[in-house]
Amino acid sequence: MADATTAATPTRNGDLIIGRRVKDTPVFNTFGDKIGSIEDFSIEKSTGKVRYALMSFGGFLGIGEKFHPLPWNVLKYDTARDGYVIGLTKEELADAPNYTTDELAAYGESDVDYRDSINGFYGRFAALR
């Protein structure tokens, strides 16, 4: 039986990862094009589950940068690329819900328009595939 220290310490190759290691992880489309990187993520307070990864997309040195909240379940980790993969092209992602830093600060997980916009887009996209 593992002691408390071993059980509470995830291994690097395990299913768990600490949040600061997710930041700046690249996001690729299925063609191998880098389309952004993970800037942050949203955690549901009541369950502790990650709901959205906030992917930075576009801009230069933070100017004009937009953030795309991606439902966590649309991302698949690819060990060969050392990054996440999503089944969207850059063009498709351009139509996805996106927000500036200020707009994100105004929204919360309980905001119905925010949640419906994200879930509606990715639900519709999944239905087309």
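Thr89 is buried in this predicted model, with a relative accessible area of 19%. Since buried means under 20% relative accessible area, the value of 19% places Thr89 in that class. Leu75 also counts as buried, at 7% relative accessibility. A search of the whole structure finds four salt bridges, and the residues of several of them are described below.

**Buried loop residues**

- Thr89 lies in the loop that runs between strand E6 (83-86) and helix H3 (90-94).
- Apart from neighbours within four places in sequence, Thr89 is in contact with Asn29 and Phe31.
- Leu75 sits in the loop between strand E4 (66-71) and strand E5 (76-78).
- With neighbours within four places in sequence left aside, the contacts of Leu75 are Val27, Ile38, Ala53, Leu70, Tyr84, Val85 and Ile86.
- Between the C-alpha atoms of Leu75 and Tyr52 the separation is 9.8 Å, and these two residues are 23 residues apart along the chain.

- Glu39 is partly exposed, with a relative accessible area of 28%.
- Lys23 is likewise partly exposed, and its relative accessible area is 37%.

**Salt bridge Arg51 and Glu44**

- Arg51 and Glu44 form a salt bridge in which the closest N and O atoms are 2.7 Å apart.
- Arg51 has a relative accessible area of 25% and is therefore partly exposed.
- Glu44 counts as partly exposed at 22% relative accessibility.

- The side chains of Arg81 and Asp78 meet in a salt bridge, at 3.4 Å from N to O.
- Arg81 is partly exposed, its relative accessible area being 30%.
- Asp78 has a relative accessible area of 21%, so this residue is partly exposed.

Methods:
Residues are numbered from 1 along each chain as its sequence is written. This is a predicted model: local features need pLDDT of at least 70, side-chain atom pairs count only at pLDDT 80 or more; totals for chains, interfaces and linings use all residues. Side-chain values use heavy atoms; hydrogens and water are left out. Helices (H or I, at least four residues) and strands (E, at least two) are DSSP runs, numbered from the N terminus. Buried means under 20% relative accessible area, exposed over 50%, partly exposed in between (1.4 Å probe, protein chains only). Contact means heavy atoms within 4.5 Å.
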